[in-house]
Amino acid sequence: MNIKEKILIEKLDDFGRGIAYINNKITFIKNALPEEIVDVVLIKENKKYNEAKVVNYIKKSKKRTDVKCPYYNNCGGCNLRHISYNDTCNYKIEKVKNLLSKFSDININLNIIKNEYILNYRNKIELKINDYDWGYYETKTNNFVSINECLLALDSINQVIKNKDLIKIKDGSIIIRSNYLNEILIVINSNSFININLEKLRNCINLKGIILNDKVYYGESYFFEQINDYKFKVNYNSFFQVNLSIAKNIIDYILDNVSGNNLLDLYCGVGVLGQSISKNFKKIYGIEINKNSIEDAKHNAIINKINYANYICGDTSKIIGEVKDKIDTIIIDPPRSGLVKNTIEDILKMKALNIIYISCNPVSLSRDLNVLKKHYNIEKISLFDMFSYTYHVECVCILKLK
Ligand SMILES: C[S@@+](CC[C@H](N)C(=O)[O-])C[C@H]1O[C@@H](n2cnc3c(N)ncnc32)[C@H](O)[C@@H]1O
């Protein structure tokens, strides 16, 4: 083992890794904090950078905290468990501040809304299945890390993992979703041997359905979620916010900050955001590419007794022009990649008074805000700690037409 000794960690990168310089080459080191001195081994050597792993801590940071998770050193599931929760929040504020300043020259005060449940909050996880065992991959590798529990996931999800012997699958992947009633949807993708002991499984968990290779294997292909007074049907492959309590915080925040006549909910999923703030508007339009999600959104408008919602299925960049009404408020909640150029142009043409841009990727957000800011004042940006103990954070921006 070629050990590099006494390496000084200088700062944290945007993925929560320590940054050091070894032979003048930037090196990213998991589970290493600024001011720490460590011995490392290189696990990846690239022309421009190295990745390394700590084998010995010579000087530890005062900010280092004990990690209760036995898988943390290898598992790629979370990245910031080795500092206090408050420090993870400060790190996220600094990171977003720097990215906004670097990519869009926006210098604005940021606040963060903390997570009430900093562990066991995730209602969905995806695991690899490797020779009947379940686990995550190590960060940026295909090294399998077997787990019996994930401390970020809801207890109801961990109950499924603990009973993996009842779901025998040789190889593939499994998504486990849970709702506000702790009902479980299991989504399996596998072309290998499968043997599920349904009778015993149903005694251990509140099983709503199992979907195998996109076909219902048992029960239903959906369940319902609830936020405030609204119910949402969620298909097994529809997006739903992974942290129910923070999703409610975001909705309450938008309700307090924005109202108008005609709302356009872009990338609307099953209609959660638009319908949850529907009382502040007279008409709602929603656009979403996933057919199941748009069917769910239509169904949800009916069960939530909103008779002024219109949903269109398709790629936002191609069909946004189908909305002919004068829109005064737009919610933008795109995938991590953000907006494509012509969608921004179409949005600008609408001259909506309010834009609420929600993003889990501050890099694509900064790039898009850099264009939007020519026509909009960036009134407020708040961070919501949707993904505690990971380097991810949800940013909610309120923009007003100049
Ligand atoms: C971050 S999720 C937001 C969903 C929803 N706003 C919510 O809060 O539940 C992004 C959504 O955009 C959808 N999507 C991805 N690309 C799209 C596109 N080009 N046009 C329309 N919808 C798209 C995804 O299917 C997903 O439902």
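I looked up polar contacts between domain 1 and domain 2 and found 4 residue pairs, both residues at pLDDT 80 or more. A polar contact here is a pair of N or O atoms within 3.5 Å; within protein, one must be able to donate a hydrogen and the other to accept it, and residues adjacent in sequence count only if both atoms are side-chain atoms.

I note that this is a predicted model, where local features need pLDDT of at least 70, side-chain atom pairs count only at pLDDT 80 or more, and totals for chains, interfaces and linings use all residues. Numbering runs from 1 along each chain as its sequence is written, and side-chain values use heavy atoms, with hydrogens and water left out.

I checked the division of the chain: domain 1 is 3–64, domain 2 is 90–117 + 241–401, and domain 3 is 124–223. These bounds come from an automatic or database domain assignment.

I then looked at contact (heavy atoms within 4.5 Å). On domain 1, 5 residues touch 4 residues of domain 2. The C-alpha centres of these two domains lie 36 Å apart.

I read off the area that domain 1 and domain 2 bury between them: about 370 Å², 60% of it on carbon and sulfur atoms. This is accessible area (1.4 Å probe) lost on putting the two parts together, summed over both. In domain 1, L12, D14 and F15 lose the most, together 88% of what that side buries.

I turned to helix 9, residues 362–372. At its start, a side-chain oxygen of N361 comes within 3.0 Å of the backbone nitrogen of V363. Helices are DSSP runs (H or I, at least four residues), numbered from the N terminus.

Notes: Buried < 20%, exposed > 50% of the residue type's maximum accessible area, 1.4 Å probe, protein only. Helix = DSSP H or I, 4+ residues; strand = E, 2+ residues; numbered from the N terminus.
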